[in-house]
Amino acid sequence: MVEINPAKAQDVWKDIGEHVSFEVLELTREDQAAAQAGIQEFADRSQAIIRSMRIRSAQDSLKVSIGFSNEAWEYLFPNADKPKELETFTGVSGPEYSMPATKGDIFLHVRAKTEATVYEVVTQYRRFLKDFTTVLDETKGFRYFEGRAIIGFIDGTEAPEVQDAAEYAIIGDEDPEFINGSYAFAQKWIHDMDFWNNQATETQEKAVGREKFTDLELEDDDKFKNAHNVASKYEPDGEEQKIVRMNVPFSDPAQDKTGTYFIGYSRHWEVTKHMLENMVDQSDYLLTFSTLLTGQVYFVPSRDMLADIADGKLNA
């Protein structure tokens, strides 16, 4: 039996960082062979850049995850096997709200204690990606007070602690070829902050399902039926399934856009997918004052598999 080894995974743990950059890139698809060669070099260089930056800015706690969409995997590695649950997200819809699917081939999640380190990593990565990709979206996030979400509540209370996260975040022996990889779901939300801030604290607490100051969970009878921590649960056979989730605040005051970049890492994409379906089926309260802009699932290979990509083994 092949065993999970968290040390071989990319940085799929709950750690928002002080400064964050989410990059979604699209393959130009102009020259497949050139893109394949380019991604091999990038897979090698990306890890060297991480090692270098951890020396140059040792105090900055740099963490990086690199993912590939289903369509990117099929284009870049057409002869390779594919992770069992990797698919193209096509969106989910409920009686009142929906979550869109958007384009995205390569996904970068970079966070550190300083913006300079994040900037340097992203800039160097783009140097090796620019010839065969275009940037679809770049979102700069930040750590809010006390690590709270932009709506003022403690973030990620339901996410497992780092020491317990491996079994929820990392693929295991159910898909041994892709062990220590992870499925990442990235989704960008814009909130009507005027609407939210005009709600009484009691209403906000009922909407989230927790006390705002203490973070204590409310009794079920004290929550709205579509409270976020009710609607977002997935409990097959009465057993709650967990993922590693982070809600990263971002804001562009000049454009009057403030929101949340949601990133969820999971061992099983199906768990995250069911959570999303539950949210729209139950009309999660957060959807009443939010507009969803993006959504796509990516496979985040283990560091060993990145080395195999760099060596051309997936294109053999």
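## Classes of residue

Asp, Glu, Lys and Arg count as charged, while Ala, Val, Leu, Ile, Met, Phe, Trp, Tyr, Cys and Pro count as nonpolar, and the others, Gly among them, count as polar. The structure described here is a predicted model.

## The second largest pocket

With these classes, the lining of the second largest pocket divides into five charged, three polar and three nonpolar residues. The residues that line this pocket include Glu 167, Glu 239, Glu 240, Lys 242 and Arg 267. Also among them are Gln 241, Ser 266 and His 268, together with Tyr 168, Ile 243 and Val 271. The volume of this second largest pocket is about 150 Å³.

## The largest pocket

The largest pocket has a volume of about 260 Å³. Its lining consists of 14 residues, and those nearest its centre are Gln 47, Ile 50, Arg 51, Arg 303 and Leu 306. By class, seven residues of this lining are nonpolar, five are charged and two are polar.

Helix 1 and helix 9, the latter spanning 303–310, each provide at least two lining residues. Helix 1 contributes the most to the lining of the largest pocket, namely six residues.

## The nonpolar cores

The largest nonpolar core contains 66 residues, and Ile 39 and Tyr 125 have the most contacts inside it. Helix 1, which covers residues 32–56, supplies the largest share of this core, with seven residues. Another core, of 24 residues, lies apart from it; Val 12, Val 24, Ala 184 and Tyr 298 are among its members.

Leaving aside residues up to four places away in sequence, Ile 39 touches Phe 68, Leu 76, Phe 77, Ile 106, Leu 129, Phe 132 and Ile 309.

Definitions and conventions
Residues are numbered from 1 along each chain as its sequence is written. This is a predicted model: local features need pLDDT of at least 70, side-chain atom pairs count only at pLDDT 80 or more; totals for chains, interfaces and linings use all residues. Side-chain values use heavy atoms; hydrogens and water are left out. A nonpolar core is a set of buried Ala, Val, Leu, Ile, Met, Phe, Trp, Tyr and Cys residues joined through side-chain atoms within 4.5 Å. Buried means under 20% relative accessible area, exposed over 50%, partly exposed in between (1.4 Å probe, protein chains only). Helices (H or I, at least four residues) and strands (E, at least two) are DSSP runs, numbered from the N terminus. Contact means heavy atoms within 4.5 Å. On a 1 Å grid over the protein atoms alone, a cavity is a set of points where a 1.4 Å probe fits but cannot get out, and a pocket is an open set with protein on both sides within 12 Å along at least five of seven lines; lining residues have an atom within 4 Å of a point. Grid points are joined across faces, edges and corners, and a volume is the space filled by probe spheres set on the points.
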